[in-house]
Amino acid sequence: MTEVTLYWAKGALCGLESRGHSDFAEKGADVVCAAVSTLVHALLLGLSDVAKAEGLECRVDGDVPLIRVFWPQRIAPSLELLTRTVALSLREVAAGNGEYVHITEVQL
């Protein structure tokens, strides 16, 4: 199962972690895992290359697999269009694939 954790502070998303494989299908054919991975990578690209967000903290571990990214709480409100869109999209993936994706939301 893919475990996604969304980290919120003062009503704004300020971090995300995605851990594990969904096990919906074999590696390379797993569309659920691909959907989560695509959304998380789109978030990373949006934060770094489009929004040019400074102070990003990112950890990637392909063995787990794990992607963890945090951005400063002070800039989180200015990134809401991007971050809320990704959060909503991840919730939709989880809603349709609950046995393969689980989302936890944490208030910091």
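**Rings and a helix**

Keep in mind that the model you are looking at is predicted.

Phe70 has a partner. The ring centres of Tyr7 and Phe70 are 4.9 Å apart and the planes meet at 45°, so this pair counts as tilted. Because Tyr7 belongs to strand S1 and Phe70 to strand S4 (residues 66-70), the pair ties together parts that lie 63 residues apart in sequence. Tyr7 itself counts as buried, with 16% relative accessibility.

Now look for Phe24 and Tyr100, which form an edge-to-face aromatic pair, with 5.1 Å from centre to centre and 85° between the planes. This pair links distant parts of the chain, 76 residues apart: Phe24 sits in the loop between S2 and H1, and Tyr100 in the loop between H2 and S5. Phe24 is partly exposed, at 36% relative accessibility. The count of aromatic pairs comes to two.

Next, follow helix H2 (residues 80-96). Its 17 residues reach 24 Å from the first C-alpha to the last, close to the 24 Å expected at 1.5 Å a residue. Which residues of H2 are buried? They are Thr83, Val86, Ala87, Leu90, Val93 and Ala94. These residues cover an arc of only 120° around the axis, which means they are on the same side of H2. An α-helix has 3.6 residues a turn, so residues three or four places apart point the same way. On the other side of H2, you will find Leu81, Glu92, Ala95 and Gly96 exposed. The buried residues of H2 are covered by parts including strand S1 (2-9), strand S2 (12-19), helix H1 (31-50) and strand S5 (101-107).

Terms used. Residues numbered from 1 in each chain as written. Predicted model: local features only at pLDDT ≥ 70, side-chain atom pairs only at ≥ 80, totals over all residues. Heavy atoms only, no water. Helix = DSSP H or I, 4+ residues; strand = E, 2+ residues; numbered from the N terminus. Expected span 1.5 Å × (residues − 1). Buried < 20%, exposed > 50% of the residue type's maximum accessible area, 1.4 Å probe, protein only. Arc of directions from axis to C-beta. Contact = heavy atoms within 4.5 Å. Phe/Tyr/Trp six-rings, centres within 6.5 Å; stacked < 30°, edge-to-face > 60°.
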